[in-house]
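Open the structure in your viewer and keep the sequence panel beside it. The stops below say what to select and what is found there.

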Amino acid sequence: MEKIFNLNIFTPESLVYSGKIVSLVAPSSKGYLGALTNHDNLISDISRGKITLKEADGSIKVFNSRGKGFLEISQNNAELLLDSPPAPPSCPARASASRWP
């Protein structure tokens, strides 16, 4: 079983996503950053681009961030605060062991 952590994605209007994930990749001003379970504490800016997450069940969701925001990771909890709603998530094919670390 893969190790998981919690992710919440908020906009000023609502909670966009809440779930248990295995990994997160998000765009920042310094490039894309990735996070797995037990990541060190982190606060980073978020810029426009694809936010990709692998859920605990192996499915992958991709949100297209259309604005800016912040990411905070602390004690296996990640929160993304976005200034505008992301485009609805796309769900690529289920991740296979050969495609995803």
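**Stop 1: the nonpolar core**

The largest nonpolar core has 18 residues, and L7, I9 and L71 have the most contacts inside it. Such a core is a set of buried Ala, Val, Leu, Ile, Met, Phe, Trp, Tyr and Cys residues joined through side-chain atoms within 4.5 Å. Colour the strands next: β1, β2 (15–28), β3 (31–36), β5, β7 (69–74) and β8 each supply at least two residues of this core. The largest share, 4 residues, comes from β2. Strands here are DSSP runs of E, at least two residues long, and helices are runs of H or I of at least four, numbered from the N terminus.

This is a predicted model, in which local features need pLDDT of at least 70 and side-chain atom pairs count only at pLDDT 80 or more, while totals for chains, interfaces and linings use all residues. Residues are numbered from 1 along each chain as its sequence is written, and side-chain values use heavy atoms, with hydrogens and water left out.

**Stop 2: L71 and A78**

Select L71 and show what surrounds it. Not counting residues up to four places away in sequence, L71 touches L24, L33, L42, I43, S44, I46, A78, E79 and L80; contact means heavy atoms within 4.5 Å.

Move to A78, in strand β8. A78 is buried at 1% relative accessibility, where buried means under 20% relative accessible area, exposed over 50% and partly exposed in between (1.4 Å probe, protein chains only). Beyond its neighbours within four places in sequence, A78 contacts F5, N6, L7, N8, L71, E72 and I73.

**Stop 3: the salt bridges**

How many salt bridges are there? The count comes to 2, taking a salt bridge as a side-chain nitrogen of Lys or Arg within 4 Å of a carboxyl oxygen of Asp or Glu.

Select K54 and E2, whose closest N and O atoms are 3.5 Å apart. K54 lies in strand β5 (residues 49–55) and E2 in the segment before β1 (5–10), so this pair ties together parts that are 52 residues apart in sequence. K54 is buried at 6% relative accessibility, whereas E2 is partly exposed at 38%.

The other pair to select is K61 with E55, with 3.8 Å between the closest N and O atoms. K61 is partly exposed, at 21% relative accessible area, and E55 is buried, at 13%.

**Stop 4: the surface**

Show the surface and select I43, F70 and L81, which form a nonpolar patch with about 340 Å² of accessible area together. Patches are made of residues with over 30% relative accessible area and no salt bridge, with like charges joined within 9 Å and nonpolar side chains (Val, Leu, Ile, Met, Phe, Trp, Tyr) within 5 Å. L81 is in strand β8 (residues 77–82) and is partly exposed, at 43% relative accessibility.

**Stop 5: the whole chain**

Zoom out. The chain has 0 helices and 9 strands. Of its 101 residues, 41% count as buried.

Finally, colour by pLDDT, the predictor's confidence in each residue from 0 to 100. The chain has a mean pLDDT of 89, and 88% of its residues reach 70 or more. Over residues 93–101 the pLDDT is below 50, and this stretch has 15 contacts in the model beyond near neighbours in sequence.

Note on methods. Areas by Shrake-Rupley, 256 points an atom, 1.4 Å probe, with all protein chains shown as cover.
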